[in-house]
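Subject: Structure handover and notes

Dear colleague,

I am passing on the structure we spoke about, with my notes set out below it. Please read them with the model open beside you.

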Amino acid sequence: MTHVRNAWHVAAWSCDIAAEKPFAISILGEPVVIWRSASGAIRALEDRCIHRLAPLSLGRCEGENLRCLYHGLLFAPDGGLLEIPGQDLIPPKAGVRSYPVADRHDWIWVWMGDPALADEALIPPAVGTSDPDWILGYGQLDYAADARLICDNLLDFSHLPYVHAQSFQAGPEFAANPPKITPVERGVRVTRWLPADVGNWRNPHDVPVEVYQTYDFLVPGVLLMWSANYPEGTAARLGDAIPAMDDALSGLNFTSQAVTSTGPGTARYYFSWGPHCRHGDAAKRDGMMKMAGLAFAEDKTMIEAQQRVIAMTPDPKVMPTAHDRGVTLYNRLVEKLARHNPSELESAA
Ligand code: FES
Ligand SMILES: [Fe+2]
């Protein structure tokens, strides 16, 4: 399956990269080592020593540099080879690939494509776990499934009444109220009003409220969503206008999620979720995270099983339904951005 290389891929939680402790991950099937140097700078290099291909993530930070702890080759932060113990001649062009890397919104982002195109303005505006306006819990899951299947899932919430009937207590309202889908820069926007309802976990009131829910889904697989409760009649009054967060009655919450392709048929899924500080507390966050834990395990069971069936299917084809408009629009964008740089077609299947 095609993936967009020219994008910022979430590689880790910022708090998981300790000073001078190299961290290993593969992204699009490429081994990457990430570390914070003595000066606090964040670095990302190919995690493969040019001597005998040992992982540099088993190496040692020395000031700004990283030493392979197999036979001691020393690499500069830009990947250049600085030292071969016991050998004076250093081949001038020898080194490993370095990747543009940024520490933003409490995630570490790595640009996997052409370094000349790595613009930090393209980092999706996720809400970091340390943002004081929100009380967020966070977690991650490793998938034995291609990242594209997880993106498809996140772009079509009509699966909620079926996959998440227990965890999110989703009823037929998700399939019955198709969202509005609009293209946005490097992604799609999915927006819906759920009809006035009472007696579900989202609504703490004893009168019906309408739920507004909106998310942007951005390459290479970043979902940024907020939702909140509004008085009955708000949807009709506003039409297509976006309600103000400040006007929410209750339940204002935010989730940032990122799907990273780690290789052909594997992915890592990062997520945070919780209430706005005026709409909940740590106990509310913990309740939401417990629900999310159950729900995301339900997705994982279904998507990994789907992946196994796809793997047994020669030339797999899908039959989109009316609910797949967001999926189709996003997947077209992925194919277009991948075509833009021919090497992307060679990336992880
Ligand atoms: S493999 Fe890295 S120094 Fe030998
Ligand atoms: Fe789901």
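Predicted model: local features only at pLDDT ≥ 70, side-chain atom pairs only at ≥ 80, totals over all residues.

Residues are numbered from 1 along each chain as its sequence is written, chains are lettered from A and ligands numbered from 1 in the order in which they are written, and side-chain values use heavy atoms, with hydrogens and water left out.

The metal site

For reference, the ideal angle for four tetrahedral donors is 109.5 degrees.

Both His159 and His164 are buried, where buried means under 20% relative accessible area, exposed over 50% and partly exposed in between (1.4 Å probe, protein chains only). Asn153, which lies in helix 1, is also buried, at a relative accessible area of 14%. The side chains of Asn153 and His159 are joined by a polar contact of 3.3 Å, a polar contact being a pair of N or O atoms within 3.5 Å, where within protein one must be able to donate a hydrogen and the other to accept it, and residues adjacent in sequence count only if both atoms are side-chain atoms. Leaving out residues up to four places away in sequence, Asn153 touches His159, Asp299 and Ile303, with contact meaning heavy atoms within 4.5 Å.

Helix 1 itself (residues 147-154) is mostly covered, with seven of its eight residues buried; helices (H or I, at least four residues) and strands (E, at least two) are DSSP runs, numbered from the N terminus. At the start of helix 1, a side-chain oxygen of Asp146 comes within 2.9 Å of the backbone nitrogen of Arg148.

The two domains

The chain is divided into domain 1 (8-122) and domain 2 (137-343), with bounds that come from an automatic or database domain assignment. Their C-alpha centres lie 33 Å apart, and 18 residues of domain 1 are in contact with 17 residues of domain 2. The area buried between the two is about 1,300 Å², of which carbon and sulfur atoms give 65%; buried area is the accessible area (1.4 Å probe) that two parts lose on being put together, summed over both. Val10, Trp13 and Trp107 supply 41% of the area that domain 1 buries against domain 2, more than any other three residues.

Thr260 lies in strand 16 (residues 250-263) and is buried, with a relative accessible area of 1%. A polar atom of the Thr260 side chain lies 2.6 Å from the backbone oxygen of Val10, and the contacts of Thr260 beyond four places in sequence include His9, Val10, Ile27 and Ala147.

Ser256 is in strand 16 as well and is buried at a relative accessible area of 1%. The side chain of Ser256 reaches the backbone nitrogen of Val127 at 3.1 Å, and among the residues that Ser256 touches beyond four places in sequence are Trp107, Val127 and Tyr270.

Backbone details

Most residues other than glycine have a negative phi, and most peptide bonds are trans. A cis peptide bond joins Val219 and Pro220, with omega about 5°, and Pro220 sits in the loop between strand 14 (209-218) and strand 15 (222-231). Gln169 has a positive phi, near 50°, and is partly exposed at 46% relative accessible area. Asp315 likewise has a phi near 50°, and at 57% relative accessibility counts as exposed.

With best wishes
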